Amino acid sequence: MEDLTDTYLAWKYPDAKTTNDSHFNAEYDYPISVVDIFTLDKRAIIHQAESTKSVSIALVQQGYLGTTPETPSLAMSLRTLELYYRIRRRKPSFSIEAFAKVLCDFYMMPYHRRYRDGLSNAFDIYLAILRIIDKRVAKELGRDADNWRVLNSCPPCSNILEDEPPLKFSRMFVLDGNNSLKRVGLPGDRQVGDLRTFKESDYYISNEFVNEFANEVKKPQQKPQQKSSDIVAAIVDVGAVSKSEDDSISIASDDAGDPTDGVHTVNAPCAENWKAASAESNKKMWGIFDESGIFASACRHGFILWIIDMVRSGELAKYPLAIIAKALNVLPPEFLIAYDIGCIFDGTIARSSLGSLFKERRCVCCVNAFHGYSHNFLCQVQYHPSIIEGMGLEDLETLERVFSSSNQLAPVIRYMSKHRRRVFIDLFFQQWDQEKYESLGTMLYNNYTQALRIINDDGPELARAKQEFNIQEGDLEKWRLDEKEYFSTLGKEPEEHVLKIAYVERLRELREAEETYKSANSRFLISTPDDAETETYASGLSSTRKRETKRRHADERRDQLTRDVILLEERLNISREHRWTFASPEFLEISKYISKRTYEKAVDKLQKLVIQRLFELQRLNLSYTAYKMRTHIAKSLQTRCQAIRHAVAAYNKAALALDPPKPTLDWSKVSHYTFLEDFALIRDTNRDIADKPWAKLVIRELIKKDQKVKRAHEEIIRCNVEVRRLHTSILDEDGHFTIRLQAIKDASLPIYGAVNEFVTRRRRINTALLTRIAQIYSLPGFTGVPQPGVKKGSMPVDTVTQNVAVAEPANSSDIQHDPVPEVEDDDDDEVEALNGIVNFLGDLSISK
């Protein structure tokens, strides 16, 4: 491959100073069928010199690539392969087969699979050549160190400057799994012809590393049905009521747990909601798939950090733990991680082998903005981005946008080999990161203008409302903390209450068992045959044995419950003489409490169903959701709506059983519930919250607006830092490019053409980014430093910023309509235009 790559470089970037000394011998001429979308040639004569090492090299010398390594009968032109490569990067769903059909159309011939197979093989080699060139370019530019991409690809995250304002979180990145990029495996022990493993991507974390965390979290094992005494013993020892059937946990075939398994905290309802919102097929992936999707991570600007193949499984805990391990090893401390189930995953990390290091490096978990609204409300007031200090306006739903785009790739890779699937996924994320870099300026500009708009619009409204309602400085924050404290104690049951509930339930069961025993015993003792004259001895014996068995079972049940009651009485210090009766005040009080718990369970069930409905509606409107999945979700929504109607009826029955009764709900009201605080507020039955300031709608809205304004000010601070980091990175990079290009040119290295092409593309992108940066600096309300800084630990670069004309920034009001400035092909003109903008930005006053 190295010789083939050298030959490709010589063909792609011919050096006018070098003469071709090869002497072709007609004896070695090689006729071959070719495909070239530009010339539509069908045949070509490949000339070879005696020194040519192989036919493949001779083909590349003349602009073709064979479809097989030795004695190929068909060759694709390199220009045709480059065209497909460019289309493929911009349109991931454009398959090789589709392009092969396009070629056949141009040649006015019927499609034949031979052309698709030939194109596929040639494109595979073409990509291998490009990967070798990319490695060589990275080496020449000093970008080949371990983890260089993760540490440097996103300048706003990584390019820390001297004397910049400190940020609460050094980096923000998100984690999530996606099951669209599945690959169908072969049945049984069948093997595919392509047994290669693609290991050249720096996006992928190896399966060997991931499996190091396979035993960190175990799936809860289903226990055999417990006897009554065992249940009581569990209540006495643990102080918790056993789960109902609705709370049972499904068991998968393997022992690996998901990110919520093994953690029992106040945020446990979030785990229940997460499990309910995920389709069962996502948890126990069908055996037909070898890779059931990917688990990915990305920074807040959209740059991919790492990805992992989920192998024959759903979203297991080992996948996010492996990424956390990488982040702890590579990234600076004090980073923030967002995950759909970040509130529970925080506990999973703490209980894993990574817990102590995670805590030592002061890292934090939270939930994404959209997914956060499906979480328990107590979780929201602790983990939602809108209330986390230092978060800014970031919604942390980056990966939802990534997956929406990567879904285009799904139908193309479904039946590929393992090697080619990874190649195409790697190619997709390379293009994704390139596009994210191109749009950095626009993202920062939009974030800045959004923050300014919130401050300018909501800030004065908030000030007027505070004056109108006589709200003093700090009151809204105090009420928010009071609300948080209220919900943190809502729904907690003391151990004594749990024991009393179990005691009352056992007394009720014991009374029923005694009545059952009396009835069974009476039927056994005084039973007479229906017809003594016709009944035989055998039939009478069978009837007697059945009655005796029922009596014996009832007696055993009564004895068992009696022992349970005695065990609970010992725990509660209740003597036999003072056993509660159905008329005892204590019994009536606990019975009333049990009615309340029944009501709360009805609320929980209703809440879970509404959450499932919200997630299904979101999936139904997700781009690239397949037709079958849309149909399935639509049917599921119909079923869910019926289930919600039944749950509303159950809720109303439980609400009316309370003393005093709670207001009932109707379907139209429940169908519009979108926030979990609605459920949290209707759940409370023993405390009057009417006099709480935060319970009033207007105050709650002001608290939210106050938090929003605070986050907007934080976003301004972060954007000031990030835009200056980007500005500095561009200037430092340009100076580095100039030095390296000259050094490579002086050494007459064959890689010069490829490096120069990379630098030319990058400089044109940087020119557009500098225009955006100038527009940010000229925004009314900009409060940052409108000039580049110095990267931490480096010396200022002063190479290409002298003696250049000043460029005027674009009008910020027309930014959405201004085209990116055109750059001339001539390198000198390009550098001059770039340096003009650089000089202008460097001359801007700091006190602006």
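Biologist: How many bridges join β3 to β4, and do the two run parallel or antiparallel?

Modeller: Bear in mind that this is a predicted model. Strand β4 covers residues 74–77, and β3 runs antiparallel to β4. As for the count, β3 and β4 are joined by 3 bridges, and the direction is antiparallel.

Biologist: Which strands stand at the edges of the sheet?

Modeller: The sheet is open, with 4 strands in the order β2-β1-β4-β3 and mixed pairing. Two of these strands have a single partner each, so one side of each has no neighbour in the sheet. From one strand to the next, the twist averages 45°. The edge strands are β2 (43–46) and β3 (64–66).

Biologist: Which helix lies across β1, β3 and β4?

Modeller: Look at residues 113–140, a helix that runs at about 55° to β4. Besides β4, this helix lies across β3 and β1 (30–35). That's helix α5.

Biologist: How are α3 and α19 oriented to each other, roughly parallel or roughly perpendicular?

Modeller: Helix α3 spans residues 78–90 and α19 spans 418–438, and their axes are 9 Å apart. They pack at an angle of about 70°. Angles of 65 to 115 degrees count as roughly perpendicular. Therefore α3 and α19 are roughly perpendicular.

Biologist: How many charged residues does the contact of α3 with α19 have?

Modeller: On the α3 side are Tyr-85, Arg-88, Arg-89 and Arg-90. The α19 side includes Phe-424, Leu-427, Glu-435 and Glu-438. Alongside 3 nonpolar and 3 polar residues, the charged ones number 5.

How values were computed:
Residues numbered from 1 in each chain as written. Predicted model: local features only at pLDDT ≥ 70, side-chain atom pairs only at ≥ 80, totals over all residues. Heavy atoms only, no water. Pairing = 2+ DSSP bridges. Axes fitted to C-alpha atoms, helices over the stretch in contact; angles between N-to-C directions. Contact = heavy atoms within 4.5 Å. Parallel < 35°, antiparallel > 145°, perpendicular 65-115°, else oblique. Nonpolar A, V, L, I, M, F, W, Y, C, P; charged D, E, K, R; others polar.
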